[in-house]
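Biologist: Please take me through the labels on this model. I would like each one set against its cut-off.

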Amino acid sequence: MWGFYIEQLIHSLPFFLKGLWMTIAVSGLSLLAGTVIGFIWGIVRASRSRFAKPLIGAWVDVIRGTPFLVQIFIIFFLFPEIGIQLEAFPAAVIALTNLAACFICEIVAAGILSVPLGQKEAATSTGLNWFQQLRYVIMPQSMRVVLPPLVGQYVLLIKDSSVVSAIGVSDVTRVGWLTVQRIPQGLLVFGLVAVLYFVICYPLIQLSNRLEKRMSVGYTRGKE
Amino acid sequence: MIEFKDVHKWFGELHVLKGINLKVESAEVLVVCGPSGSGKSTLIRCINRLERIQKGELIIDTMKVHDSKANMTKLRAEIGFVFQQFNLYPHMTALQNVTLAPMKVRKTPKKEAEDQGRYVLEKVGLADKLHQFPAQLSGGQQQRVAIARGLCMRPKIMLFDEPTSALDPEMINEVLEVMRNLAREGMTMIVVTHEMGFAREVSHRVAFMDFGELIEIAPPGEFFAHPKSERTKLFLSKILTH
């Protein structure tokens, strides 16, 4: 019985790989854009800006306080209301980019604020301007704090991307849904789906662990 | 060279500088002492505008520091600042620490900046530590790198905010020695410190601050032998136990 289903499943493997590719495309694009936007927001959030800082803070709270599934529906159904036809794929990328940016923003802001104030003062006192301080003094130091949770966040976001199947993007989760209608063995089908997610996430988990170890040694070595 | 005219500064409700009037001439070494919380650190932090003054005038050469349109980048490049906690960049070697600002602010070519960095680090006695990271250096060595970092900008003024207070006793002298040499070369210096030996021997004038006011300012001989104010006498009696 299982043998028969496994054989069927092997036949639909190309279908799953296509879904996997879609998951990678949606997550990859969103993580890339979300990282860029998240860093910019994070820098503003750690600054003393009077207007933009609370605005970003409020937006991050809204996004963190609502389910991603609901966010993605809103984006998917909102744009046609204002006259823009949006395919499922770009809607998914926009929603996931926004989610990524919000989480990454918090990580980056925490990293920047972890750098002692004296570093900024030292850089200021030698005449470095705002951007130079950020580029050469603050960011390199905050990356120690930012990188491990950033990579960890990537893993969470890749898994969250499964939600885009709800608006019809043919990612690997949706392929699972479609397949289980032909092969009525949920355990087997979603077992395969789980394995495919794990294959992309596991290297990232390893990377995050390794970064955590490396960064915690850092430059306190030789003196304590 | 540096002139305070009725300078006031508040931290919220707290009035930390209460009408400071002070003139420091070129090549003068001024030591500022006083109990903690007296405003002495704030006084020098205002000079390169790490703190902004709220009332009065603060003029360096011809530049108005109190003016919000002042070109602070240019001004700060002319003023070296040495912190109590060194504040070296931990992710950079000694040489990188001292060459960053010359390369980025003065646009000095890398090769030239490094030659100069080597020269200055040698001058503070760290020729063999060029490629060490701050964590691999002792406190005294770190503070000398910090002084070198200021000097590499070829400043006209050097400000020291309790430069030896965070150091173990055996490292204090190596830092003071570097500062003595600087004074001998004619650098304009304001030094917030409790090193009264340094004040006596090196400074041209000593100032005493208390509760945000400049109580007394005099050449060291006079300051230590015949302090005028009661508060100065009390302070000196407390710290000159040895």
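Predicted model: local features only at pLDDT ≥ 70, side-chain atom pairs only at ≥ 80, totals over all residues.

Modeller: Residues are numbered from 1 along each chain as its sequence is written, chains are lettered from A in the order in which they are written, and side-chain values use heavy atoms, without hydrogens and water.

Biologist: Why is Phe73(A) called partly exposed?

Modeller: Buried means under 20% relative accessible area, exposed over 50%, and partly exposed in between, with a 1.4 Å probe and protein chains only. Phe73(A) has a relative accessible area of 30%, so it is partly exposed. Phe73(A) lies in helix H4 (residues 68-81) of chain A; helices are DSSP runs of H or I with at least four residues, and strands are runs of E with at least two, numbered from the N terminus.

Biologist: How do you know that the length of helix H5 (residues 88-113) of chain A agrees with its residue count?

Modeller: The expected span is 1.5 Å times one less than the number of residues. For the 26 residues of H5(A) that should give 38 Å, and the end C-alpha atoms are 38 Å apart, so the two agree.

Biologist: What makes H5(A) mostly covered?

Modeller: Of its 26 residues, 20 are buried.

Biologist: Which element supplies the largest share of the lining of the largest cavity?

Modeller: E6(B) does, with three residues. A cavity is a set of points on a 1 Å grid over the protein atoms alone where a 1.4 Å probe fits but cannot get out, and lining residues have an atom within 4 Å of a point. The lining includes Ser125(A) and Thr126(A) as well as Phe81(B).

How values were computed. 1 Å grid on protein atoms, 1.4 Å probe; cavity = no way out; pocket = protein on both sides within 12 Å on 5 of 7 lines; lining within 4 Å.
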